[in-house]
Amino acid sequence: MRSAALQGGIRNKTVMKLGLRSVRRHFSLILAGLLFLGFASGLLAYQRRAPGGDQDDEEEMPLGVKQKVEWTFARFHYDMAYGNFRGFQRWAADYPKSDRQLVEGVVRLTRINTHVAEQVVDAHSDDIYNWPWIFVEDPGAWVLSQAEAIRIRTYLLRGGFMFFDDTHGDYEWNNLVAGVRMIFPERLIEDLKDSDEIFHTVYDLDDRFQIPGTRFIWNGRRYTDDMKVPKWRAIRDDKGRIMIAICHNSDVGDAWEWADSPDYPEPATSMAYRIAINYIVYGMTH
């Protein structure tokens, strides 16, 4: 009986050893699987950040970026009339800080369901028709092809709205006009009156004044005679709707960008936000 009991004990120990080996083998497989998943996740994250990977890196974008909304800040990308300076392109001046800080103001000051991130568009494809409100930084530096001009004209006549900002002086104005004449060869560029509806959609803006760029505040640049008087201009469609609103001899985008700086004049920032909100509401309702 002792022999049988001893043999039974040996068998039990053998079974236990086999069981432990099986558990260890399963644990090793599970650990290897977890390590592989961790490596794959890290590789995917790296590919998203790396050049050529998925550029929609949500860690770098505001929360809520994929929500469906009523309005988006779209900025126009264009080719330049003269060479880039150290890679700087005028269409991207103040980008993206200016765009995002304006969006924060729209969210705070209105009930417009607003996209929380900026969007860059151009006229190289029909994608332009997906963005009914487009901001153009310094069109005094742009060059348009005939195909782009035709697509912009179609976009505007279908109900699109464009806001031109940050042109100064006669040289930049003439280059802006050259592009506009490609889009609309015969339409009038008019000076808006204080009574125009676009100045009264949300805020009454009879007391508009020049909004300075930081280069005229901090960098010592001086206004020449052709830069001193702010101009508020527009181009309309056949029904009188403003399709293109123009702020000449002002830099509204700089005021958005530096809204968080105690060194930038608060009255200019406040005026810049009011102008933008009036133009947004006008573009959405006309």
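User: Quick one to start: does T269 count as buried or exposed, and why?
Analyst: In this predicted model, T269 counts as buried because its relative accessibility is 10%, and buried means under 20%.

User: Where is T269, and which residues does it touch?
Analyst: T269 has its place in helix α7, and, leaving aside residues up to four places away in sequence, it touches A255, A259 and Y264.

User: OK, stepping back, how many helices and strands are in the chain?
Analyst: The chain has seven helices and nine strands. Of its 286 residues, 43% count as buried, and the accessible surface comes to about 16,400 Å², with 55% of that belonging to carbon and sulfur atoms.

User: What order do the strands of the open sheet take?
Analyst: The open sheet has seven strands in the order β3-β1-β4-β6-β9-β8-β7, and the pairing is mixed. At the edges are β3 (119-121) and β7 (190-191), each of which pairs on one side only.

User: And which helices pack on that sheet?
Analyst: Helix α3 (residues 146-157) packs on it, touching β1, β4, β6 and β9, with a direction that makes about 120 degrees with that of β6. Helix α4 (residues 169-183) also packs on the sheet, where it touches β6, β8 and β9, and its direction makes about 155 degrees with that of β6.

User: Let's look at β9. How many of its residues are buried?
Analyst: Seven of the seven residues of β9 (residues 242-248) are buried, so the strand is mostly covered.

User: In which sense does β9 pair with β6, and in which with β8?
Analyst: With β6 (residues 161-167) the pairing is parallel, over five bridges, while with β8 (residues 231-236) it is antiparallel, over six bridges. For individual partners, M162 is bridged to I244 in β9, and K231 is bridged to H248 in β9.

User: What lies between β8 and β9?
Analyst: The two strands form a hairpin with five residues between them, and G240 in the turn has a positive phi of about 90 degrees.

User: What about the other neighbour of β6, how does β4 pair with it?
Analyst: β4 (residues 133-137) runs parallel to β6, and five bridges join them. Within that pair, I134 stands opposite M162 in β6.

User: Which residues touch the most other members of the largest nonpolar core?
Analyst: They are F163, W256 and Y279, in a core of 35 residues. At least two residues of this core come from each of α2, β4, β6, β8, β9, α6 and α7, and the largest share, 11 residues, comes from α7. As a general point, nonpolar side chains tend to be buried together in soluble globular proteins.

User: What does W256 touch?
Analyst: Not counting residues up to four places away in sequence, W256 touches F73, S98, Q101, L102, F135, F163, A272, Y273 and A276. There is also a second, separate core of 31 residues, which includes A123, A141, V180 and I246.

User: S98, Q101 and L102 made me think of α2. Which of its residues are buried, and what do they pack against?
Analyst: The buried residues of α2 are S98, D99, Q101, L102, V103, G105 and V106, and they pack against β1 (74-76), α6 (252-257) and α7 (266-285).

User: What span should α2 have, and what does the model give?
Analyst: Helix α2 (residues 97-109) has 13 residues, which at 1.5 Å a residue should span 18 Å, and its end C-alpha atoms are 18 Å apart, which agrees.

User: What is the phi of D166?
Analyst: D166 has a phi near 65 degrees, which is a positive value in a residue other than glycine. Its place is in strand β6, and D166 is buried, with a relative accessible area of 2%.

User: Last one: where does V116 sit, and how far is it from Q101?
Analyst: V116 lies in the loop between α2 and β3, and counts as partly exposed at 25% relative accessibility. V116 and Q101 are 15 residues apart in sequence and 9.7 Å apart in space, C-alpha to C-alpha.

Terms used:
Residues numbered from 1 in each chain as written. Predicted model: local features only at pLDDT ≥ 70, side-chain atom pairs only at ≥ 80, totals over all residues. Heavy atoms only, no water. Buried < 20%, exposed > 50% of the residue type's maximum accessible area, 1.4 Å probe, protein only. Helix = DSSP H or I, 4+ residues; strand = E, 2+ residues; numbered from the N terminus. Pairing = 2+ DSSP bridges. Expected span 1.5 Å × (residues − 1). Contact = heavy atoms within 4.5 Å. Axes fitted to C-alpha atoms, helices over the stretch in contact; angles between N-to-C directions. Areas by Shrake-Rupley, 256 points an atom, 1.4 Å probe, with all protein chains shown as cover. Core = buried A, V, L, I, M, F, W, Y, C linked by side-chain atoms within 4.5 Å.
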